[in-house]
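Please keep the sequence and the structure in view while reading.

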Amino acid sequence: MANSRLISVGEIQKHNTIEDCWLVINDEVWDLSEFAPDHPGGGEIIYKHAGHDASTSYNGIHAQSVLSSNLDASKLIGTLDKRSVTDEWSKPPPSTTSELKLHEKPPLETIINSQDFEDVAQQTVTKKTWAFYSSADTDCLTRDRNREFFGRIWFRPRLLRDVKTVDTSTTILGHKAGAPFFVSPAAMAKLVHPDGEQAMARGCVPNRIPQGISSNASFPIEEIVNAVPKDKNHPFFFQLYVNKDRSKSEALLKHVRGLGVDVCFATIDAPQAGKREADERVKADEGVAAPMSGAKASNDKKGGGMGRLMGGYIDPSFIWADMTWLRKHWPGKIVVKGVQSWQDAKMAAEHGIHVLLSNHGGRNLDTSPPAIMTLLECQMNCPEIFSQIEVLVDGGIRRGSDILKCLCLGATAVGLGRPFLYATNYGEEGVEHLIEILKSELETAMALVGVTSIDQCQPGLVSTLDVDHLVSQGGGHPYAVAKGGPSLRARL
């Protein structure tokens with residue numbers, strides 16, 4: 001498709017109007033005059049760069065292949081003649097300059113825990129990126145309790161054990177992994193680094209950590225999977241938001257399965273997005289779009305919440321009976337992501353479906369239970385599921401010791417979302433560094449508790465007495481009666 005014609009800066013600058021709009025993107029000169037009015041993010045962002053180089057703005061949002069896959073080859077005018085480039089022409093539009101001047105990050109070797117990555121991200125990423133990643137529903141109580149409740153569970157170490165060699169390797173959903181954790185699927189990683197999910201993929205390879213890929217990822221899934229050499233046979237999990245147009249989900253699932261991915265996380269806790277007020281307060285860049293789902297950022301009278309405005313395609317009528325449909329179109333393993341009660345966990349097990357206990361990082365329903373408490377609730381009310389399906393946990397995990405507590409309480413593995421987004425601020429090196437930190441902390445915790453392999457983790461190594469009185473028992477409230485009376489409570 002390449003056009004070898006060299007185009008000078010002088011020629012490009014002549015095409016700087018709405019009717020005649022050329023842009024330079026990664027040294028290629030494109031005519032976007034016809035496309036701009038139909039741009040999903042609006043034409044303004046394109047017109048702002050008319051006659052200039054838009055590479056920085058483009059690469060911060062889109063995958064390299066978006067232009068070539070969506071525009072006719074005739075719109076590629078030629079290649080930038082770099083000999084004609086001047087300093088004045090290279091300057092970005094004034095309105096975007098402040099977004100491009102980010103604070104300097106400290107050296108990666110100074111980062112010694114996951115919180116350090118978060119602190120650096122807060123100081124160095126754009127205001128919108130921070131608002132989107134860090135925000136949670138309304139008062140953020142669940143987001144914060146996810147983390148805090150790990151501090152209320154105590155270890156009961158067994159000593160005088162030979163812990164000279166500690167092995168963190170395990171198997172997650174049929175895939176060998178170097179440690180019992182994975183990258184939880186999260187949207188738009190390119191907001192924090194140009195390589196986004198591709199950097200995550202490459203950073204996960206050395207320690208063989210599975211990567212979950214969101215339906216709202218910054219890149220098409222094939223570009224993420226192909227960022228890793230095929231001979232590595234690296235494990236990827238795909239997260240699905242079921243589309244209101246089921247045919248689009250069916251086509252996407254077929255495409256993903258064709259890439260060799262055999263695990264689908266079906267998100268069930270987001271029939272509607274929560275009110276993430278920090279995200280709403282900062283205006284969204286309307287050029288942001290997710291290539292797989294087609295979701296687009298926008299702004300309205302409620303604000304600029306990307307989670308809300310990009311989730312309009314999600315089907316709120318998706319129910320348990322639809323698992324038959326999902327099985328028909330996905331022959332691999334299925335995990336329901338977002339389980340927050342033992343009843344739903346048990347129902348999943350009855351369907352032969354694995355579970356990810358999660359509250360979406362507190363982003364959808366504030367005061368929903370901390371994920372670790374849902375794990376305890378399952379142990380209290382339906383312990384049989386731990387021998388029937390794999391139980392995964394995601395929410396508030398920041399330390400290797402948090403991982404170990406989940407394993408002792410029956411989890412197969414845990415997922416981390418925000419920590420990996422913040423680590424991606426440093427690219428693939430940051431992702432690998434975070435993995436090594438967590439793995440080292442886990443190894444240390446295991447040795448000090450008295451175990452040397454994942455299969456030795458068991459409930460007797462932790463004390464949950466501080467929270468046991470908060471674990472829900474049974475299916476209803478212990479004493480409150482619904483407005484309709486006892487008969488209504490019995491039906492529920």
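Helix α19 gives the largest share of the lining of the largest cavity, namely 3 residues. Helices (H or I, at least four residues) and strands (E, at least two) are DSSP runs, numbered from the N terminus. The model is a predicted one, in which local features need pLDDT of at least 70 and side-chain atom pairs count only at pLDDT 80 or more, while totals for chains, interfaces and linings use all residues. Residues are numbered from 1 along each chain as its sequence is written, and side-chain values use heavy atoms, with hydrogens and water left out.

A cavity is a set of points, on a 1 Å grid over the protein atoms alone, where a 1.4 Å probe fits but cannot get out; its lining residues have an atom within 4 Å of a point. Grid points are joined across faces, edges and corners, and a volume is the space filled by probe spheres set on the points. By this rule there are 2 cavities of 30 Å³ or more.

The largest cavity has a volume of about 570 Å³. Its lining consists of 38 residues, and P185, A186, A187, H360 and R363 lie nearest its centre. Two or more lining residues come from each of α8 (127-134), α14 (306-309), β15 (413-416) and α19 (418-423). By class, 16 of the lining residues are nonpolar, 16 polar and 6 charged (Ala, Val, Leu, Ile, Met, Phe, Trp, Tyr, Cys and Pro count as nonpolar, Asp, Glu, Lys and Arg as charged, and the others, Gly among them, as polar).

The second largest cavity has a volume of about 30 Å³. R143, N146, R147, G396, R398 and R418 form its lining, to which helix α9 (residues 141-148) gives the most, with 3 residues. This lining has no nonpolar, 2 polar and 4 charged residues.

How many residues of helix α8 are buried? In α8, 7 of the 8 residues are buried, that is, under 20% relative accessible area (1.4 Å probe, protein chains only). Among them are W130, F132 and Y133. The elements that cover these buried residues include α7 (114-124), α9, α13 (277-281), α14 and α19.

Elsewhere, 4 strands form an open sheet with mixed pairing, in the order β1-β4-β3-β2. Strands β1 (6-7) and β2 (22-25) stand at the edges with a single partner strand each, so one side of each has no neighbour in the sheet. Two strands pair if DSSP finds at least two bridges between them. Strand β1 runs parallel to β4 (residues 76-80) and is joined to β4 by 2 bridges; I7 has L80 in β4 as its bridge partner.

Key:
On a 1 Å grid over the protein atoms alone, a cavity is a set of points where a 1.4 Å probe fits but cannot get out, and a pocket is an open set with protein on both sides within 12 Å along at least five of seven lines; lining residues have an atom within 4 Å of a point. Buried means under 20% relative accessible area, exposed over 50%, partly exposed in between (1.4 Å probe, protein chains only). Contact means heavy atoms within 4.5 Å.
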